Amino acid sequence: NGPYCRKGCQFFDTCGEVCVSGHDSGPVFEEQPSSLIYPEGLPEGKVTLNCQARASPAASYRWRVNGSDVVIREDSHYTLVAGNLVISNPQHGRDSGSYQCFAINRCGTIVSRAANLKFGYLRDFPSESRSPQTAYEGAGTFLACQAPAHYPALSYRWILNEFPSFVQPDGGRWFVSQVTGNLYLANARANDTGSYFCLTTINMDISTKSTFSKAIQLTVQPDANPRKSAPNIRVRFPSETYALAGHTTQLECFAYGNPTPKLRWRKVDGVLPSKVGASADGPILTIPDLSFDDEGMYECEAYSSEGRDTHQGRVSVQAQPEWLQVMSDSEVEISSELHWSCVAAGKPRLIIRWLRNGMPLGTQDRVEVNNGLLKISNLALEDSGMYQCVAENKHGTIYSNAELRVQVQAPDFRLNPVRKLVPAARGGQVKMECKPRAAPKPTLFWSRGTELLTNSSRVTVTPDGVLWIYNISRADEGKYTCFAENYLGKANSTGHLSVRDATKIKLAPSNADINQGENVTLQCHASHDPTMDLTFTWSLNGVLLDLEEPNGHYHRVEGVSAKETIGDLAIVNAQLSQAGIYTCSAQTVVDSAVASARLVVRGPPGPPGGLVVKSVNETAVELRWSRGYDNHSPIGKYVIMGRSEHSHDWKRMRTDPVNIEGNAESARVIDLRPWMDYEFQVIASNILGSGEPSMPSQSIRTKQSAPTVAPSGLGGGGGDRNELIITWTPMAREYQNGDGFGYILWFRKLETPSWTVVRVPNAESSRYVYSNQSLSPYCPFEVKIKAYNSKGEGPFSQIAVVHSAEEEPTVSPRKINATAVTAFEIQVSWEPVQHLSTNGILRGYEIRYWRQHEREAAADRVRTAGLENTARVSGLRPNTLYHVTVLAYNSAGTGPPSPRTTVITKKPPPNRPPGNVSWKTDGSWVTVRWDHVKSMDNESTVQGYKVSDTQAHTSVNLPLPKDNGYVVLEIRSWGEGGDGAAHEIIVSRDSGISVVMTRKNRVNVLSGHTQLHSNTIFNNHVISSHDALRRTF
């Protein structure tokens, strides 16, 4: 253990060894111990508390637990590995507590943060059975978890009947509190009956443990009509919640009620932070990454169709200690004074204390401690060491470390001698510094040769050893020596002053005047001592310019002439912001010379200022403003821009005068809409263009006036019996002209003298319904409308003609005739009704049809669109008797039915295709043969056959394809019942009789060598049943 082994040394003593300046360094922690929760009863386990420090010489380590030394022996369960403390087989009663590590070397001692070793445990639930519970359907209830003893906090879930069937929220009916573990039910249902188990889980640093309770039997008594109830909050978060900044806090809220209450959160004294996310509508409000802005009063509201309930509580944010300012390592000379400060933030208020070499440091003798301030006067060697500032509150403790070295030595120039060569410019000044290492502070003086230098008109020696020489000439060249002395010794250091030619500006930049966007070059030529380098810099209004930016406005123009160096500045695409005083500086290491010039950039005017609105009336306002910068070109005119609350785009306003002169500072804006909110801007312009607009004026509202336009879109019609419906387009906000807005309707029967007048007091209204039992159906009315507001009435609209509601037709069609067309279709005709008898506009006819033995109420319906007096009805059953009736209809409905008629659909066609189909080709013709189809008693008679396909042709006498192609033919019977089933065949140019194979009513011709690359198609060809069963094409 090195220096700590000598008998009589204290725990933190360096045993007299001296910290060597420039070689040794005190300990600095690289790793500190962290708090740990260890599972109680874990067999053969180990805990390692880490501690590592960087130090020279290397640090040794000691540990304390609960303020007492940790003794490490061979038979101890403690082991020290490097600086880490290893605890074997940790036990709760013996090893729990607060541990701190001390790192020590001959430069001092530091102490680590405290690490708490705690033991986690979760006992079992009691073995006794839990009492059963009963609830009534629709009522709220809860099941208590009654968790066993434990550390740290638990998480809770509930199991229904058997694992792993966990209770789910079910739309917010169920809730498991993570504070108490209880299971809450907003309203019970019959199917909630079952056995419930509370499952508790504990999470520790190195393991997890769970246990569950005995079953709690819940029985829900059913109720045919469960009682509804208003929300009643039963889980309430605390009235005061303290939470840590940077951490997450959760507030719980749950309510009984039927129907299930919904939940929502709000911040009473502010806006709910968006970071709460979806939890704002759930039973647990989660606020992550807390900040002091999140402090305030929070409210949970439970609401349903039956009512609402609320609960409020305050969240107070506190904070762990955090450093704002810390001290740093210091080397201070003996007998001087040390001032250190450390500043930390935290809530609640912090306590700050100081340690020296791990021991408490308070006010005594030369030491003064005042919270975060440490002052040590008349420093002595024994004050050297490691110091720590400690800030703490109930949420934590933080440490800041620094090393103090008290210096004592004779003057020494080896590390910081006087500069060997000091160049200076003729006519200028020079500064020569003298900074030896010495403690205590030495006495300093200068000499040139044997002459001791003292203060004069050209020479100044400052108390800290700086030598100044002014108005330098060649005679000042030579050697200068600084002497330093304290009670420990003396030393000196010499430098040589070399006098050079002064730097001078030979061609200074000239003032310039340009327009915005133009280019200009400012010249700057200088002479200097040829033994030194010259550098040019430029500044604008005292701010150094960056001349290296590739796409910037500034570029260097450099060069060398016979006796001078060029450092011009080129300005490209000059903007208004580039105007000002440009200064060229020509610099060497010993002096500099400067010259300046003014650049004027002319451009469009700047924005006018001070825009105010005066004299507001219904359609005009007066604007006043102050002139902005003219940017060196007189303002020629102003334009005024405006926008209303309904338009985000700025547009030019009409003004009085129409053209606003450049010397004006006021104008009237005219043709505004009454009772509208407006903002205005003013833009100045000159011969170089228009400038930026002024800041927008304060929003103003013009005064109210009576409406000036009438509503549009006047019309109407329709509705129920005895109603007149009048409609119009609601007037937009910009045409209402004032509050108290509404509509006045005037209407009267056509060709009658008196008007009915109605007020509709709602700006959003778009219709009015007039009901009168004496109203005739489809009666024409004259209607007009105007708008009104609190200032008066506006003009009338044009008169529109609107009809009252139609009534159903009162007469039915006559002479109904129904004829069977096929087995599946009939044609119906009738004599139309007279339009004048329809109580409105005739829209068309409705055909109703139903089978024999069916009720008329179940009839199928087909409507015609228009005034046709015939229609076909398809999709019928063959050989079936149908009843048919026809009704007229309009927008109000259908009229009375006509007298019914009957019709029988035709028998169906044979459902068998022609058989024994064969064909034979002869050159360009084909002959097809088939057997006759004989109809059955319940089928219609075959009247002929059709040969058809899917693509049209112009003639049946077309030749077969010339390229060995094929044609597709269909053969079917037909009769009054319609077309029968078809055979399909493929015919090629091959000669001879082809064999036909039938499959699923399709006939395919087998020909092994036919090229199927073209497809010639025949139109429908009808063959009478009396023809020979042979047809040649």
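Buried means under 20% relative accessible area, exposed means over 50%, and partly exposed lies in between (1.4 Å probe, protein chains only). At 18% relative accessibility, Asp677 therefore counts as buried.

This is a predicted model: local features need pLDDT of at least 70, side-chain atom pairs count only at pLDDT 80 or more, and totals for chains, interfaces and linings use all residues. Residues are numbered from 1 along each chain as its sequence is written, and side-chain values use heavy atoms, with hydrogens and water left out.

## Salt bridges

A salt bridge is a side-chain nitrogen of Lys or Arg within 4 Å of a carboxyl oxygen of Asp or Glu. The structure holds 48 of these salt bridges. The table gives examples.

| Pair | Closest N and O atoms |
|---|---|
| Asp192 and Arg173 | 2.8 Å |
| Arg872 and Glu825 | 3.1 Å |

Arg701 sits in strand β66 (residues 700–701), Asp677 in strand β64 (residues 677–686), and the two are 24 residues apart. Strands here are DSSP runs of E with at least two residues, numbered from the N terminus; helices are runs of H or I with at least four residues. Arg701 has 41% relative accessibility, so Arg701 counts as partly exposed.

Next comes the salt bridge of Arg872 with Glu825. Arg872 lies in strand β79 (residues 870–874) and Glu825 in strand β76 (residues 825–831), so the pair ties together parts 47 residues apart in sequence. Arg872 is partly exposed, at 47% relative accessible area.

Asp192 also pairs with Arg173 in a salt bridge. Asp192 is in the loop between β17 (183–185) and β18 (194–203), while Arg173 is in the loop between β15 (155–160) and β16 (174–176). Both Asp192 and Arg173 are buried. Salt bridges with shared partners join Asp170, Arg173, Arg189 and Asp192 into one network.

## A buried lysine

Lys784 lies in strand β72 (residues 780–789). Lys784 is buried yet has no salt bridge. The nearest side chain of opposite charge is Glu782, 8.4 Å away. Lys and Arg count as positive, Asp and Glu as negative; His and the chain ends are not counted. Contact means heavy atoms within 4.5 Å. Leaving out residues up to four places away in sequence, Lys784 touches residues including Leu714, Trp746, Trp755 and Phe796.

## A nonpolar patch

Leu381, Val408, Tyr487 and Leu488 make a nonpolar surface patch of about 390 Å². Val408 is found in the loop between β36 (396–407) and β37 (409–412). Val408 is partly exposed, with a relative accessible area of 35%. Patches are made of residues with over 30% relative accessible area and no salt bridge; like charges are joined within 9 Å, nonpolar side chains (Val, Leu, Ile, Met, Phe, Trp, Tyr) within 5 Å.

Notes: Accessible areas come from the Shrake-Rupley method with a 1.4 Å probe; for residues, only the protein chains shown count as cover.
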